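Please look through the sequence and the model below before reading on.

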Amino acid sequence: MPIGRPVAQIVLTPLEKEKLTLISQRRTAQQQEAQRARIILLCAQGLANQEVAKRERVCLPTVGKWRSRFAKARLEALVDAPRSGAPRQTTDHAVEEVITKTLETTPSARTHWSSRLMAKQAGISEHSVLRIWRAYGLKPHLVKSFKLSKDPMFVEKVRDIVGLYLNPPQKAMVLCVDEKSDTQALERSQPILPLRPGIPERQTHDYFRQGTTSLFAAYDMASGQVIARCHQRHRHQEFLRFLELLEEKLPKQPGMDIHLIVDNYATHKVDKVQRRLLRHPRFQVHFTPTGSSWINLVERFFAKITEEAIRRGSFKSVKELQAAIEEALMLASPSFVPKCVNTPSRQRYKPLDIVPIQTAP
């Protein structure tokens with residue numbers, strides 16, 4: 001007669017074997033679930049508990065526990081059993097009340113619920129409210145902004161621009177053109193305190209406005225190069241000068257078209273600009289939908305310049321701000337030497353001519 005306690009025999013159906021194999025190999029599965037699945041698979045191969053414990057590096061009672069539990073309840077036995085402890089005091093009705101009030105009502109004289117207000121209203125503890133909100137993914141303290149374009153040609157314009165991105169025409173350049181207008185030269189009211197171990201860089205919240213500049217830029221979608229120029233003002237006259245710069249710098253190959261992606265700003269649609277575009281038919285303009293400048297890739301270039309060279313700086317003049325922009329662009333392409341162009345005397349500062357700059361696409 002066999003000695004010792006009887007060992008439950010594990011015989012798996014094809015469906016159970018497939019499920020256990022999937023759990024044991026799934027990367028997103030918890031380690032304890034994968035280990036239990038491997039134990040059952042080894043037991044189904046006829047191995048003794050000692051051999052299974054040796055292979056999985058667990059103690060012998062662990063193998064016996066999951067073998068006997070699987071033999072009684074099959075796959076459902078592999079999950080954790082309910083833990084002992086005090087019964088739940090928050091009823092289902094209270095949970096439903098908290099969720100309903102959070103989604104459908106607002107407190108008196110306030111715009112949103114707080115955990116304390118909701119706890120007082122529902123008659124439960126603040127921590128219970130927080131647990132309910134966390135379980136259902138509710139965050140009344142957060143708000144996000146959005147804007148839906150009302151352009152009647154929204155779909156057609158999006159298809160046109162996305163088509164240029166994904167499948168540009170042969171023998172053509174696609175330039176994303178826009179202006180970073182009214183870029184302020186802000187001087188902090190006190191010197192910036194440098195970084196120290198355990199202490200971040202510190203700067204005052206107040207500042208002095210020393211003037212503004214407008215950065216005109218054309219981003220080449222294919223190469224990641226940028227043609228940019230700073231102007232004191234943001235009018236159609238400056239936009240016409242920028243178009244002249246593009247005409248001067250871009251290659252003049254026969255049959256080569258230039259596709260410009262611009263937004264619906266008024267300076268892009270005045271009669272003088274339209275007449276100039278008619279005189280230069282190789283420039284083809286594609287307007288983004290109203291309120292959808294996010295589709296223009298040059299906005300990512302502006303975000304990069306703002307984050308790396310402008311936002312945390314302190315500038316005593318517009319000329320110093322332009323120099324910071326120039327230095328940031330030079331670092332992107334060390335072999336490039338920027339060139340300042342002559343400007344009319346009515347302008348206070350010389351625009352900055354930056355051609356070309358290699359940036360991350």
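Rings of Phe, Tyr and Trp (its six-membered ring) are said to pair if their centres lie within 6.5 Å, and the pair is called stacked when the planes are under 30 degrees apart, edge-to-face when they are over 60, and tilted for the rest. This is a predicted model, in which local features need pLDDT of at least 70 and side-chain atom pairs count only at pLDDT 80 or more, while totals for chains, interfaces and linings use all residues. Residues are numbered from 1 along each chain as its sequence is written, and side-chain values use heavy atoms, with hydrogens and water left out.

**Aromatic pairs**
- Searching the whole structure gives two aromatic pairs.
- Phe 216 and Phe 242 form a tilted pair, with 5.9 Å from centre to centre and 45° between the planes.
- This pair links distant parts of the chain, since Phe 216 lies in strand β2 (residues 207-220) and Phe 242 in helix α9 (residues 236-249), 26 residues apart; helices (H or I, at least four residues) and strands (E, at least two) are DSSP runs, numbered from the N terminus.
- Phe 216 has a relative accessible area of 0% and is therefore buried, where buried means under 20% relative accessible area, exposed over 50%, and partly exposed in between (1.4 Å probe, protein chains only).
- The ring centres of Phe 301 and Phe 302 are 5.8 Å apart and their planes stand at 50°, so this pair is tilted.

**Surroundings of Asp 151**
- Asp 151 lies in the loop between α7 (126-136) and α8 (154-166), and it counts as buried because its relative accessibility is 10%.
- Asp 151 and Thr 290 are 139 residues apart in sequence, yet their C-alpha atoms are 5.4 Å apart in space.
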